[in-house]
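This report describes the fold of one protein chain and then turns to a few of its residues. Please keep the sequence and the structure in view while reading.

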Amino acid sequence: MHEHAPAVVDAFIDLRSPYSYLALGPARRLAGRSGVAFDWWPFITDFRSAYGGEVEARSGRDIAKVKYLYMDCRRLARKQGLTIRATTKLWDPTLGCRAMLFAKVRNRLWAFIDPVLAAFWRREFDLESQADIASALQSAGLDVQDWHAYLETQAGTDLAAAQARAESLGVFGAPTFVYRDELFWGGDRLDLLAETLKAAQA
């Protein structure tokens, strides 16, 4: 059925997900090794349902789960030389997702994403700030006036299309990698994705 389908991996990340952040380096290295194109998309996870609502409303069990999550992520981050500090609120990722799509279509995705996420996970970047996002886009070599025009015209439509794409592929969390309709959820499934890519190329 997929014998002649193009070799592309749809890669969905949530900018607020530490596991998405940790998967970026390994996934990009896999793309380089395999020669398979990765098409990167923003994904908005329902963290309120997953982790017990707003920070101040969480049960003891939910608090323990989130504390473990960040402890786990810090251990994994140290292996990559990265810093991850627990967030203090549930961020609205909408603006950041729109900026990600803007940078992507202008071929400046990583020039935008890499410094933004490094600063965000050090608690040095406000993901909801128009000023911070505009400054980051400018630092990535993008035109701020072009960004404002995109926000007023195309940004909402593009983000809705990205979310619809995720839903059509069955994506329910991030990071998720989809290759020829097969889902690989989580950075710890990249080895399975690598095996699948290798088998498809054999």
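A residue counts as buried under 20% relative accessible area, as exposed over 50%, and as partly exposed in between. The model discussed here is predicted.

## Overall fold

The protein chain contains nine helices and four strands. Read from the N terminus, the order of elements is β-α-β-α-α-α-α-α-α-α-β-β-α.

A compact globule of 202 residues would have a radius of gyration near 17 Å, and the protein chain agrees because its own value is 17 Å. Along the principal axes, the C-alpha atoms fill a box of roughly 50 × 45 × 30 Å. Among contacts with a separation of 6 or more, 73% are between residues 24 or more positions apart.

## Surface and charge

Buried residues make up 44% of the 202 in the protein chain. The accessible surface is about 10600 Å², and carbon and sulfur atoms contribute 51% of that surface.

The protein chain carries 25 positive and 25 negative side chains. The centres of these two sets are 8 Å apart.

How many residues of strand β1 are buried? Five of the six residues in β1 (residues 8-13) are, so this strand is largely enclosed by the rest of the structure.

Strand β1 runs parallel to strand β2 (residues 37-42), and six bridges join the two.

## A64 in helix α3

A64 sits in helix α3, which covers residues 60-80. Its relative accessibility is 43%, so A64 counts as partly exposed. From A64 to A27 the separation is 37 residues in sequence and, C-alpha to C-alpha, 29 Å in space.

## Backbone features in loops

The peptide bond between A174 and P175 is cis, with omega at about 5°. P175 belongs to the loop between α8 (155-169) and β3 (176-179).

N107 is not a glycine, yet its phi is positive, at about 60°. This residue lies in the loop that separates α4 (94-105) from α5 (109-120). With a relative accessible area of 69%, N107 is exposed.

R180 is likewise not a glycine and has a positive phi, here about 50°. The loop between β3 and β4 (182-185) holds R180.

Conventions
Residues are numbered from 1 along each chain as its sequence is written. This is a predicted model: local features need pLDDT of at least 70, side-chain atom pairs count only at pLDDT 80 or more; totals for chains, interfaces and linings use all residues. Side-chain values use heavy atoms; hydrogens and water are left out. The radius of gyration is taken over C-alpha atoms; the globule rule is 2.2 Å times the number of residues to the power 0.38. Buried means under 20% relative accessible area, exposed over 50%, partly exposed in between (1.4 Å probe, protein chains only). Contact means heavy atoms within 4.5 Å. Accessible areas come from the Shrake-Rupley method with a 1.4 Å probe; for residues, only the protein chains shown count as cover. Lys and Arg count as positive and Asp and Glu as negative; His and the chain ends are not counted. The place of a charge is taken as NZ of Lys, CZ of Arg, CG of Asp or CD of Glu. Two strands pair if DSSP finds at least two bridges between them.
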